[in-house]
Amino acid sequence: MAGDNEDEDVQLEARLAEQDSFEPSEEFVEQANVSDPGIYEEFEENWPDCWEGAADLLDWDEEYTEVLDDEDAPFYEWFGDGELNAAYNCIDRHIEEGRGDEVAIDWVGEPTDETRTYTYDELYEEVNQTAAAFRELGVEEDDVVTMYLPMIPELPIAMLACARIGAPHSVVFAGFSADALATRMKSADSEFLITCDGYYRRGDALDHLEKANEGLDDVDHDTTTVVVDRLGEEGFGHDLGEDQLDYADLIADHEGAEVEPVTRNAEDMLFLMYTSGTTGEPKGVKHTTGGYLAYTAWTTHAVLDVKPEDTYWCSADIGWITGHSYIVYGPLALGTTSVMYEGTPDYPEKDRLWEIVEDYDVTQLYTAPTAIRAFMKWGEEYPNEHDLSSLRLLGTVGEPINPRAWKWYYKHIGDEECPVVDTWWQTENGGHMVTTLPGIGTMKPGSAGPPLPGISANVVDTNGEEVEAGRAGYLTIDRPWPGMLRTLYKNDDRFIDEYWREYSDPDSDEWVYFPEDGAKIDEDGYITVLGRVDDVLNVSGHRLGTMEIESAIVGVEGVAEAAVVGGDHEMKGEAVYAYVITEDGHEGDEDLRKGIVAGVEDAIGPIARPEQVVFTDELPKTRSGKIMRRLLEDIANEEELGDTSTLRNPDVVSEIQQRVQND
Ligand code: WT7
């Protein structure tokens, strides 16, 4: 009877709400890739040689003789004299093992009738053809190829084609603006761009080439652009420019081509990924061929429990590191089936993800807390319409997940059968750093878990001393790991300044990496990540620098000064709050507000769009003239204000508060 079910539900919810730790089921543990708790000790005892196991997941053209070279720390080298090719490892070797007819990529388009499936054999053909075409264009080993593409198969194909010929890629998230594209191409001296005519978003066709062209206008050096025709008949009828080629035409000349994978040194760059930092200039994070690939393969195996016969799905965008590591490189290195979805979770209906899980018998789902909060809000009726029993493991990444959302995910998506891994890591880390191992660890909702085997993470105070259990402090990592960034592109000084300056002691050669996150640790060594402690926001799991947004706002006519902070947001986690002083003769009116929103979208992209723009005559500043961001955050969150006694202009605070409330 319905009434009984409801009672049961209520009881269940009450039990779940109280429960603060969960164990993986016996059934899961029995089949898990990693289930021996001894792994932590084993890695400690054998560090750094413990990472040989990760390297063993790959095929090497030339075996390395040294696991870690720390001679020139913090410019560490991993598997330094080894040689390999990433595309060979992600494709060819699986075919050589007789698995060529198994599916590598299951692509699901936004239009519900559009899907494409690539077996490893087919992926091999496409990647080789594209690699040959890129060579014809003049792409040489070590040339950086920029990709400004949405979630279409040509993106991973182009990435792997580059990896095959030893050309690092730099993927720019398609939702980023023309300006963001131009900055990244200039910073990387990238002469090649792969983009497309447009793509679908909730049923509408978006013009992407227009944005790409606008970006290219700002790039002074010569460039060659390849344009994928995604929209066909529904396209915008762009004429291609002089230095622009149609992708289909280009590759048509290379059908059946075979390109020998270029042997790369383990330390050769596999790709660049730009990410936001404290200053306005994005950071070009450099990842390498050997250490990165070994680390992503190992974490995909150990944390996501991926096996070749799985149908694994990470719903991130390949334009972010999560997609690089856990849609493309990790899963394909292990020879599994990786699902790739072009659209959004709510189109055409709010059950789209669950429909895909059911249709494809997805075994692992890896998504973000911001998405889980949306699913919760939409209600359990959407997942309940579908058979989700193929799922074996769930994962989250990108921002802290609150226990309520964790439990909802565990119950309504995982049916209390699937372990949930809450994975803490960053663009710079290459792969997971802090999380439970699903076949071993007790899960505690809200806490990511202990550092992975071999990873040494601590929570310390400003002096670098470990804090007591339960106290808030700063997360630090005091040993290198194979997936770490090697430097910031052409900027070794900034690499040291950004990550190593704060807690290292170079005189005694002690190097400590600082991720700029606050954290707590409990008596079992479980780490709860509290969020960024620098001027970087986390909006829907995406990293945005307040400086970048401020400089975009100050660029708008009529704006004299701006301060951007993060305010709590139910769905996005954090949202952008902008406090703006107008120039004399300009009104803080609706027109200017719209101009500011447009300015931010043009400079960065719609994800950085301010939630609120508050016009004010002054900003709260210390006597030395520093903007008190903490206060502005408190105002945004309508919280009680912190200490205002050091302000030069204490009155301004209540004035701003009033304006926020009146909005
Ligand atoms: C920042 C890194 C790495 C993939 C996506 C984001 C936050 C990430 C978690 C988590 C709490 C998390 C941190 C980190 N973050 N995962 N499981 N729990 N916070 O990559 O853009 O480089 O951002 O995201 O603040 O520093 P990113």
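Helices and strands here are DSSP runs, a helix having at least four residues and a strand at least two, numbered from the N terminus. Keep in mind that the model is predicted.

**Exercise 1.** Find where Cys-418 sits, and decide whether Cys-418 is buried or exposed.

*Solution.* Start with the elements on either side: helix H16 covers 403-413 and strand E20 covers 420-423, and Cys-418 belongs to the loop between them. Next, recall the cut-off: a residue is buried if 20 or more other C-beta atoms lie within 10 Å of its own. Cys-418 has 23 C-beta neighbours inside 10 Å, so Cys-418 counts as buried. Finally, look beyond the neighbours within four places in sequence: Cys-418 touches Leu-391, Arg-392, Leu-393 and Leu-394.

**Exercise 2.** Take two pairs of residues, each 42 residues apart along the chain, and find how far apart their C-alpha atoms are: Cys-418 with Val-460, and Gly-595 with Ile-553.

*Solution.* For Cys-418 and Val-460, the separation is 33 Å. For Gly-595 and Ile-553, it is 8.8 Å. Now place Gly-595: this residue is part of helix H19, residues 590-603. Its 18 C-beta neighbours inside 10 Å explain why Gly-595 counts as partly exposed.

**Exercise 3.** Work out how the sheet containing strand E21 is arranged.

*Solution.* First, read the order, E21-E22-E23-E24: four strands in an open sheet with antiparallel pairing. Then find the edges: E21 (457-460) and E24 (527-532) each pair on one side only. On average, neighbouring strands are turned by 45° against each other, direction ignored. Last, zoom in on E22 (472-477) and E23 (517-521), which pair over three bridges. Here Tyr-474 has Gly-518 in E23 as its bridge partner.

Notes: Residues are numbered from 1 along each chain as its sequence is written. This is a predicted model: local features need pLDDT of at least 70, side-chain atom pairs count only at pLDDT 80 or more; totals for chains, interfaces and linings use all residues. Two strands pair if DSSP finds at least two bridges between them. Axes are lines fitted to C-alpha atoms, for helices over the stretch in contact, and angles run from 0 to 180 degrees between N-to-C directions. A residue is buried if 20 or more other C-beta atoms lie within 10 Å of its own, exposed if 12 or fewer, and partly exposed in between; C-beta atoms are placed from the backbone. Two residues are in contact if their C-beta atoms, placed from the backbone, lie within 7 Å.
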